[in-house]
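Subject: Handing over the structure

Dear colleague,

Please find below the structure that I promised to pass on to you, together with its sequence.

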Amino acid sequence: MGGAWWLFYKEVIRFFKVAFQTVLAPVITALLYLLVFSHVLEGRVRVFEDVPYTAFLIPGLMMMTIIQNAFANSSSSLIQSKVTGNIVFILIAPLSHLELFTAYVAAAMVRGVVVGGGVFLLAVWYVNVPIYSLAVILGFAVLGSAVLATLGVIAGIWAEKFDQLAAFQNFIIMPLSFLSGVFYSIQSLPPLWQTVSHLNPFFYLIDGFRYGFFGASDVPVVLSFAVTLLALLMLALLALWMLGHGYKLRQ
Amino acid sequence: MYSGPAVAIREVHKRYGDIHALKGVDFTIDQGEFFGLLGPNGAGKSTLINALAGLVRLDAGQMTVLGHDVVTGYRDSRRLLGVVPQELVYDPFFRVRETLRFQAGYFGLGREVETWIDELLDALNLADRATANMRALSGGMKRRVLIGQALVHKPPVVVLDEPTAGVDVELRQQLWGFIRRLHAEGHTIVLTTHYLEDAEELCDRIAIVDHGELVALDTKRDLLARGISRTLHVYSEQKAPKVPDKLRDKVKRIHDYCVELRLERDRDSIVEVLDALRDAGTRVCDLRVEDDDLEDVFVQLTGRSRQ
């Protein structure tokens, strides 16, 4: 595991070197959402019994931040290495496809969890957030960041230019994360949109994560866990296949 | 101790769509050799090197580095191989020393490599720039970091893909000095270069590839002996020496006291040429024979100039 550990370490150092952009900025963005939405909607929307809207919002914002940053880390590192060409130094090293996968995904998970944790630490100054089950919270934080880190590996390998990656981010990741119930409970949607939301894998991440805070959710937490685990397995198999076959990496 | 070839290339084929980039190339490079791989642009040199490094997947055939298959035994083959890529690539996030340390880490090297990194930085004249960001380096310095990255895991076989492309004369000499030292220390060196004079000066054996095929593989001396022509410089006592008609088509140029004639190695006899000149009234006082250089041989074998 020596070589993979160094690649993981390099990837972590890489985003900490630009922490303003990779850690602080997303934390601030999430807090701005919190300030604006809680100011506008507090007292008007009631989702769960006894849960103020602002408290309801925090887990959603945390998971959205985790998702977006885990994806951004693995995908942007890979595409930058590909475009600048320095990826050859990783490809000529004696690292297996499993080691490459583990290193990129684990580093992206660190970023997702660090940023998500940052949102929590600042948000609890603002509003009291209950913790129903720390294990569920951590479990979904790890799972969510792993799913998106893996998707980032896939997108980073697939994209040949920054434009394609931006399209992936803006047309897939952003809409799916915004429409997954970050700002509302899908129970409040018309039946058609409730059904559509159930097809969005990010919905299960946020719903399960929220269960860890309030002990209440739109769908059973076991279902959320199963769906995200299945998504992770399928995406991981695809990413490993791409790395193993050198798809778009080795000619 | 493995005594087989440093690099063995066996009947390798590679296609990119309709382009047959490697057509059954087959040769070996011995341990301790300084080996030149030459060919015009697009001949297949980089494809060969990249396949050796695992950056290109072959359609058929086999390659080994010190006996380890580059596909089935890639961990060993990559540990034994150092590659200096042709492009000036670097990660702008990191400093010089970090770049080398991470690269060593990918090869599973622990703290023991730190001393070697110091030695490398010294040898490559980078010690005072160790904490500089890669972005802040000049092109020549970046090139030296690339060489450092290729050597950081102490590979016995070192491949340099056009290491002096776009490098000024002074740095070129420095780089060759360093590479000569590596060779003297027992490394096998494989070099591709556009500068035929470099290959001529440094390499023991030279392979020439063209259109994905090996067109020549020989020692430098034998390859140079293949030159089918040479130039005869004849110096006369009088200005504008007289040349008989039968030698007219061999004249390259006449200037002051000298006439230069292009002679074919197997057909033209120097003695007969001198006799003919003397009969025409030229009093010969000196002469010099110049063999073809590698560039001429290269052009004859590939049918085109290296540019």
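Before anything else, a word on naming: helices (H or I, at least four residues) and strands (E, at least two) are DSSP runs, and they are numbered from the N terminus. Please also keep in mind that this is a predicted model.

With that naming in hand, we can begin with the second largest cavity, which holds about 60 Å³ of space. Its lining is made up of Val7(B), Ile9(B), Phe27(B), Ile29(B), Leu37(B), Leu48(B), Ile49(B), Leu52(B) and Val190(B). Strand S1 (7-16), strand S2 (19-29) and H1 of chain B each give at least two residues to this lining, and the largest share, three residues, comes from H1(B). Sorted by class, the lining of this cavity has nine nonpolar residues, no polar and no charged ones.

The structure holds six cavities of 30 Å³ or more, and the largest cavity has about 160 Å³ of space. It is lined by 14 residues, and those nearest its centre are Asp91(B), Thr99(B), Gln103(B), Tyr106(B) and Gln149(B). Both H4 of chain A and helix H3 (96-106) of chain B supply at least two residues of this lining, with H3(B) providing the largest share, four residues. The lining of the largest cavity divides into eight nonpolar, four polar and two charged residues.

Turning to the pockets, how much space lies in the largest pocket? The volume there is about 730 Å³. The largest pocket is lined by 33 residues, and the closest to its centre are Val88(A), Gln251(A), Asn50(B), Leu55(B) and Glu87(B). The elements that give two or more residues to this lining are helix H3 (53-84) and helix H4 (88-91) of chain A, together with helix H1 (45-53) and strand S6 (81-84) of chain B. H1(B) gives the largest share of the lining, five residues, and by class the lining has 15 nonpolar, eleven polar and seven charged residues.

The second largest pocket has about 350 Å³ of space. Among the 19 residues that line it, the closest to its centre are Gly244(A), Arg250(A), Arg57(B), Val71(B) and Arg78(B). Its lining divides into ten nonpolar, five polar and four charged residues.

The axes of helix H2 (residues 19-41) of chain A and helix H5 (residues 97-123) of chain A come within 9 Å and cross at roughly 45°, so H2(A) and H5(A) are oblique to each other. The crossing in which H2(A) passes H5(A) is right-handed, and the residues of their contact divide into eleven nonpolar, two polar and one charged.

For the other pair, the axes of helix H6 (residues 134-158) of chain A and H10(A) come within 9 Å and cross at roughly 30°, which makes H6(A) roughly parallel to H10(A). H6(A) passes H10(A) in a left-handed crossing. Their contact has 20 nonpolar residues, three polar and no charged ones; on the H6(A) side the residues include Phe140(A), Leu143(A) and Trp158(A), while those in H10(A) include Phe225(A), Leu232(A) and Met242(A).

With best wishes

Conventions:
Residues are numbered from 1 along each chain as its sequence is written. Chains are lettered from A and ligands numbered from 1 in the order in which they are written. This is a predicted model: local features need pLDDT of at least 70, side-chain atom pairs count only at pLDDT 80 or more; totals for chains, interfaces and linings use all residues. Side-chain values use heavy atoms; hydrogens and water are left out. Axes are lines fitted to C-alpha atoms, for helices over the stretch in contact, and angles run from 0 to 180 degrees between N-to-C directions. Angles under 35 degrees count as roughly parallel, over 145 as roughly antiparallel, 65 to 115 as roughly perpendicular and the rest as oblique. A crossing is left-handed if the near helix is turned anticlockwise from the far one by less than a right angle, and right-handed if clockwise. Ala, Val, Leu, Ile, Met, Phe, Trp, Tyr, Cys and Pro count as nonpolar, Asp, Glu, Lys and Arg as charged, and the others, Gly among them, as polar. On a 1 Å grid over the protein atoms alone, a cavity is a set of points where a 1.4 Å probe fits but cannot get out, and a pocket is an open set with protein on both sides within 12 Å along at least five of seven lines; lining residues have an atom within 4 Å of a point. Grid points are joined across faces, edges and corners, and a volume is the space filled by probe spheres set on the points. Contact means heavy atoms within 4.5 Å.
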